[in-house]
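Reader: I am new to this structure. Please take me through some of its packing and its aromatic rings.

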Amino acid sequence: MLIDLCNAPLCVCVCLYLTRVSVWKVTKHKPNQKKKDKMSADAELSSILNRRQQINEALDNGQSVKPTFKVVNIYTEFHEFSRKEIKDYQVTFSKYDVGNDGYLDLAELKIMMEKLGAPQTHLGLKGMIAEVDEDKDGKISFREFLLIYRKARAGELVSDSGLGQLARLTEINVDEVGVGGAKSFFEAKIEQQLRTNKFHDEIRQEQEERRRLEEERVLRRQQFQQRAAVFQ
């Protein structure tokens, strides 16, 4: 996760500082280590406040300020994925990162979609990038690449959209099976899903039938008891 602490509200910065100091106080350290940790927390807060002052001065002068981000481990941020899944996504990302700069630019994304058998227009490619480009640099970082699969898993992507096709088609190696093979793969998955849904429907119908029969049995018993009570 990317957090611009310098643009965060002052209360947030102070809370973070107090949290660091509280942790320092309750953690058992050697005297020298305690002093170092305290200095580290003070230096961090000082750095944030100085950066905030620079931002305010730049904005007052009409200058633009580029955010600075703190990077959090992707395995922690994308906890819905297993480590294996993230590593597989990394392999896919690196495969199309021809420039080896850690980003997929528009040209690389264009080649990727063509190889996946789902070519996009220039505007379509720009739209794909914009949908996950959180730092607005016009490229897709690996973290932003993972956002595609997060959106796909959450059902937030239209199936035939650019990102929707990317998420689907990268589930298999299109280079090995070909576009036709990929189509067959997804058709098989859809058919399997339909069979699974049908199986679940049949189970649910059986459960409802058993429940209905049980309710009828209870009702018949109550009616019998009522008729028997008349002769007592």
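Reader: At what angle do the axes of helix α7 and helix α8 cross?

Author: This is a predicted model. Helix α7 covers residues 142-153 and helix α8 covers residues 162-169. Their axes come within 10 Å, and the crossing angle is roughly 90°. Angles of 65 to 115 degrees count as roughly perpendicular, so α7 is roughly perpendicular to α8.

Reader: Is the pair of phenylalanine 78 and phenylalanine 81 stacked or edge-to-face?

Author: The ring centres of phenylalanine 78 and phenylalanine 81 are 6.3 Å apart, with 15° between the planes. Planes under 30 degrees apart count as stacked, so this pair is stacked.

Reader: Is phenylalanine 81 buried or exposed?

Author: Buried means under 20% relative accessible area. Phenylalanine 81 has 5% relative accessibility, so phenylalanine 81 counts as buried.

Reader: Which residues form one aromatic cluster?

Author: Phenylalanine 81 also pairs edge-to-face with tyrosine 89, at 5.5 Å centre to centre and 80° between the planes. The cluster consists of Phe78, Phe81, Tyr89, Phe93, Phe142, Phe145 and Tyr149.

Reader: Which residue lies over the face of tyrosine 103?

Author: Arginine 83 lies over the face of tyrosine 75, 3.9 Å from the ring centre. Over the face of tyrosine 103, at 4.1 Å from the ring centre, lies lysine 139.

Note on methods: Residues numbered from 1 in each chain as written. Predicted model: local features only at pLDDT ≥ 70, side-chain atom pairs only at ≥ 80, totals over all residues. Heavy atoms only, no water. Axes fitted to C-alpha atoms, helices over the stretch in contact; angles between N-to-C directions. Helix = DSSP H or I, 4+ residues; strand = E, 2+ residues; numbered from the N terminus. Parallel < 35°, antiparallel > 145°, perpendicular 65-115°, else oblique. Phe/Tyr/Trp six-rings, centres within 6.5 Å; stacked < 30°, edge-to-face > 60°. Buried < 20%, exposed > 50% of the residue type's maximum accessible area, 1.4 Å probe, protein only. Lys NZ or Arg CZ within 6 Å of the ring centre and 35° of its normal.
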